[in-house]
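I opened the model to go through its backbone, its domains, its core and its ligand site. These are my notes, in the order in which I looked things up.

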Amino acid sequence: MTHTEQNLSSKSEALIAKENQYGAHNYHPLPVVLERGEGVYVWDVDGKKYYDFLSAYSAVNQGHCHPKIVGAMVKQAQTLTLTSRAFHNDQLGPYEEYVTKYFGFDKVLPMNTGAEAVETALKLCRKWAYEIKGIPENEAQIIVCENNFHGRTTTIISFSNDESARKNFGPFTAGFIKIPYDDVEALENVLKTNKNIAGFLVEPIQGEAGVYVPAEGYLAKTKALCEAHNVLFIADEVQTGIARTGKLLAVNHENVQPDILILGKAISGGVYPVSAVLTNDHIMNVIKPGQHGSTFGGNPIAAAVAIAALEVVKEEDLAQNAAYLGEVLRTGLNEIASRNSLITLVRGKGLLNAIVINCDEESDLAWNICMKFSEYGLLAKPTHGNKIRLAPPLVITESQIQECLDIIERALNDFR
Ligand SMILES: *Cc1c(COP(=O)(O)O)cnc(C)c1O
């Protein structure tokens, strides 16, 4: 790909050169070097201010450096940071009570990253299948969806169909059946013909795939099918959860309570890696001491930070704000699309949105548009070539959304 490069300051250039020389090249970032963040804004090393329309893939729902969350982290960091789970700590129990009541589950298993939480959910599901459901050992299958994104571990990429995430990383973990996303019948067919299904792992909206929103009723119907076949409905809400889509969880739009809920990203407001697997006793109790764990999982800083981050979501009514401003944003984007044929489609829910650019996935047009957004003070990144995700922190205001719509239209008009 030939990307147009911005006129970079020598300071940015030097810092990017260091990353290129000393860091693995496993990302292709926009050429912007950030040094500070506050609320919906980030600043680069030259003092230029931007709206953050990625929010670290929805980790920063509460806004950058939220004072309450950072305050909780600093206080706990000066008191006790890590005990491991070899001993108890005074933060974990209160956090476990808080997070389980918050989401309505009996128990939580604390981990650090989203991928770890997905792995945990898969292990839990398999163990439940053998010890409670009674599937013969080593024969459990978990159904997943095409174009999923659940993280980067060897097992998780085993059931990805993103070739760049898989190529030359095999051999892969067995035990997964892939079906098309947003296809109730495909799920029903597998459930009807295969007795060894343990779980169905699904993103309520496929974020990485380009903010693909399934048809209304998909989640409720697939949950009902899982229930009928004694199969665990596992919702990966690492990206969609914590108010992003206009409700606390995306499954709440269809009044679905998953059997296993996977959270990450915004559960810490983006200040610290925290993830969680929530489920009820009849499932969680299959895990006994020594069978699963993590040195950092459930550490005192994570516990204190997550409580603060979840309190902010309620105190600041972020779900309501995301629901309302999501409508404002999509209305504005559709108006722009009616004047500019570069946008072929606007989709999303709450403040998890994407525009599809009028080009194929191999074109660098969407990248160049993001470069232009950046020039005008808004940061976003293409996903799957021709889709640009638009997902600002949920603390954004209506007048800021209007200002961002102006930036987006002005940038798009430069490509006519
Ligand atoms: C980001 C993401 C993950 C992985 O989280 P990491 O913290 O990057 O490991 C898993 N599932 C979904 C839906 C995600 O968006």
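**Entry 1: backbone**

Where is the place of Pro-171? I found Pro-171 in the loop between helix 7 (163-166) and strand 6 (176-179). I note that this is a predicted model. I checked the peptide bond between Gly-170 and Pro-171 and found that it is cis, with omega about 0°. Most peptide bonds are trans.

Next I looked up positive phi values. Asn-138 has phi near 70°, although Asn-138 is not a glycine. I located Asn-138 in the loop between helix 5 (114-133) and strand 5 (141-145). Is Asn-138 buried or exposed? Its relative accessibility is 68%, and the cut-off for exposed is over 50%, so Asn-138 counts as exposed.

Ala-243 is another residue other than glycine with a positive phi, near 80°. Ala-243 sits in the loop between strand 8 (232-236) and strand 9 (260-263). I read 0% relative accessibility for Ala-243, so Ala-243 counts as buried.

Pro-258 is in the loop between strand 8 and strand 9. Pro-258 counts as buried because its relative accessibility is 3%.

**Entry 2: domains and core**

I took the domain assignment as given: domain 1 is 10-62 + 317-413 and domain 2 is 67-315. How far apart do the C-alpha centres of domain 1 and domain 2 lie? The separation is 26 Å. Domain 1 puts 29 residues into the contact, and domain 2 puts in 29 residues.

I then looked at the largest nonpolar core, which has 96 residues. The members that touch the most other members are Tyr-95, Phe-103, Phe-200, Ile-267 and Ile-388. Helix 11 (residues 300-315) gives the most to this core, namely 11 residues. Why does this core lie between domain 1 and domain 2? It does so because both domains give residues to it.

I picked Ile-267 for its contacts, leaving aside its neighbours within four places in sequence. Ile-267 is in contact with Tyr-95, Val-99, Ile-242, Val-274, Ser-275, Ala-276, Ala-306, Ala-309 and Leu-310. There is also a second, separate core of 29 residues, and Ala-117, Ala-129, Ile-260 and Ile-262 are among them.

**Entry 3: ligand site**

Which residues surround the ligand? I listed Thr-113, Gly-114, Ala-115, Phe-149, His-150, Gly-151, Glu-203, Asp-236, Val-238, Gln-239 and Lys-265. I then went through distances to oxygen atoms of the ligand. A polar backbone atom of Gly-114 is 2.8 Å from one such oxygen. For Gln-239, a polar side-chain atom is 2.8 Å from a ligand oxygen. For Lys-265, the distance from a polar side-chain atom to a ligand oxygen is 2.7 Å. On its own the ligand has 380 Å² of accessible area, and the protein covers 80% of that.

**Entry 4: helix 13**

How many of the 11 residues of helix 13 are buried? I counted 9 in helix 13 (residues 365-375), so the helix is mostly covered, with under 20% relative accessible area as the cut-off for buried. The buried residues are Leu-365, Ala-366, Trp-367, Asn-368, Ile-369, Cys-370, Met-371, Phe-373 and Ser-374. The cover over these residues includes strand 3 (49-52), strand 12 (352-357), strand 13 (378-379), strand 14 (382-383), strand 15 (387-390) and helix 14 (398-413). After helix 13 comes Gly-377, with a positive phi near 95°.

**Entry 5: two pairs along the chain**

Thr-295 is in the loop between helix 10 (281-284) and helix 11. Thr-295 and Ser-84 are 211 residues apart in sequence, yet I read 5.2 Å between their C-alpha atoms. Not counting residues up to four places away in sequence, Thr-295 touches Leu-82 and Ser-84.

Ile-132 belongs to helix 5. From Ile-132 to Val-144 I read 12 residues in sequence and 21 Å in space, C-alpha to C-alpha. Leaving aside neighbours within four places in sequence, Ile-132 is in contact with Lys-127, His-282 and Val-286.

Terms used
Residues are numbered from 1 along each chain as its sequence is written. Side-chain values use heavy atoms; hydrogens and water are left out. A nonpolar core is a set of buried Ala, Val, Leu, Ile, Met, Phe, Trp, Tyr and Cys residues joined through side-chain atoms within 4.5 Å. Buried means under 20% relative accessible area, exposed over 50%, partly exposed in between (1.4 Å probe, protein chains only). Helices (H or I, at least four residues) and strands (E, at least two) are DSSP runs, numbered from the N terminus. Domain bounds come from an automatic or database domain assignment. Contact means heavy atoms within 4.5 Å. A residue is near a molecule or strand if one of its heavy atoms lies within 4 Å of it. A polar contact is a pair of N or O atoms within 3.5 Å; within protein, one must be able to donate a hydrogen and the other to accept it, and residues adjacent in sequence count only if both atoms are side-chain atoms. Accessible areas come from the Shrake-Rupley method with a 1.4 Å probe; for residues, only the protein chains shown count as cover.
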